[in-house]
Each structure stands twice: as structure tokens, then as C-alpha cells.
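The following exercises are intended for a reader who meets this structure for the first time. Please work through each task before reading its solution.

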Amino acid sequence: MDLTIHNTFLPHDDPEAALAFYRDLLGFEVRNDVGYEGMRWITVGLPNQPDTSIVLHPPAADPGITDDERRAIAEMMAKGTYAMIVLATADLDGLFARLQERAEVVQEPTEQPYGIRDCAVRDPAGNLVRINERR
């Protein structure tokens, strides 16, 4: 079987703040930016990974979601417990130095007992962004 990860989805509640974080701070390129009825779906990806993208989406856009579910999603996003992504870099300390000035720090670079060194921040929507050090 020949599978690849093509898209993954992360919610956003402010498209401009999401762009400032993923495009301007982390260096992702914008591959698509689609608006519909006041909402935006923004597809971003790293220039060296043209076949893998993150779709930053409005979390309440699904017509099957109830009002109670929308409230629960908004509450979880505000607490940072709704979604997460794990990235990797060879220069964890350098990236963390840039991130700590413009993102909510959850964990400074730490050597974990399970064999990785990583840090964690929240993006503007509250999503947990863990970053592993590539060795």
C-alpha cells in the first residue's frame, strides 16, 4: 500500500493571526486561501514538503455540528485542548527563541525521559504546537 499524509486540519478563529503565526513566524507558504460566507480555509505547507499541507479551517463550519457542540469546541480551543500538531526541526533552540517572543509558551526546550528533546507553544487559536528536535 502506498499512502502519504496529504492534508491535516487545524482549527483557527482568526485567519490573519493564523497567517502571522504559520506563514510569517514558522515560514509556511500559503497554498490556498478560500473564503465562503465570512469564513476562510487557508492551506499552508512547508516549501520543502510540497505534498503535505495543513488546512487552517473555521471549526464551526460543519453543518452537522450543533450549537452545543460549537460552544464546546470554542471552550476547548480557548483552553488549548481541542487540537494539536507535532513539528520537527534541527534547530530547536533557535526556533524556540523566535517563538517565545510571539507565542504562548507551554514548555521550554526539555530533554524528555522517552528520548526526545522538545518544546511546546500554542498558536493564536490555542492549538498545541509541539516541536521535536531532529537528531
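**Exercise 1: The lining of the largest pocket**

Strand 5 supplies the largest share of the lining of the largest pocket, namely 5 residues. The model is a predicted one.

Task: Determine which elements give two or more residues to the lining of the largest pocket, and describe the lining by residue class.

Solution. Step 1: the largest pocket has a volume of about 470 Å³. Step 2: its lining consists of 21 residues, and Phe28, Leu46, Gln49, Leu87 and Ala88 are those nearest the centre. Step 3: two or more lining residues come from each of strand 3 (39–45), strand 4 (53–57), strand 5 and helix 3. Step 4: by class, the lining comprises 12 nonpolar, 7 polar and 2 charged residues.

**Exercise 2: The buried residues of helix 3**

Task: Identify which residues of helix 3 are buried, and explain why they line one face of the helix.

Solution. Step 1: helix 3 spans residues 92–102, and Leu92, Leu95, Phe96 and Leu99 are buried in it. Step 2: viewed down the helix axis, these buried residues fall within an arc of 100 degrees, so they line one face of helix 3. Step 3: a general rule applies here, for an α-helix has 3.6 residues a turn, so residues three or four places apart point the same way. Step 4: the buried residues of helix 3 pack against helix 1 (15–25), strand 5 (84–89), strand 6 (104–111), strand 7 (117–122) and strand 8 (128–133).

**Exercise 3: Ser53**

Task: Decide whether Ser53 counts as buried or exposed.

Solution. Step 1: Ser53 is located in strand 4. Step 2: buried means under 20% relative accessible area. Step 3: Ser53 has 6% relative accessibility and therefore counts as buried. Step 4: leaving aside residues up to four places away in sequence, Ser53 touches His6, Asn7, Thr8, Arg31, Thr43 and Val44.

Technical notes
Residues are numbered from 1 along each chain as its sequence is written. This is a predicted model: local features need pLDDT of at least 70, side-chain atom pairs count only at pLDDT 80 or more; totals for chains, interfaces and linings use all residues. Side-chain values use heavy atoms; hydrogens and water are left out. Buried means under 20% relative accessible area, exposed over 50%, partly exposed in between (1.4 Å probe, protein chains only). Helices (H or I, at least four residues) and strands (E, at least two) are DSSP runs, numbered from the N terminus. The arc is that of the directions from the helix axis to the C-beta atoms. Contact means heavy atoms within 4.5 Å. On a 1 Å grid over the protein atoms alone, a cavity is a set of points where a 1.4 Å probe fits but cannot get out, and a pocket is an open set with protein on both sides within 12 Å along at least five of seven lines; lining residues have an atom within 4 Å of a point. Grid points are joined across faces, edges and corners, and a volume is the space filled by probe spheres set on the points. Ala, Val, Leu, Ile, Met, Phe, Trp, Tyr, Cys and Pro count as nonpolar, Asp, Glu, Lys and Arg as charged, and the others, Gly among them, as polar.
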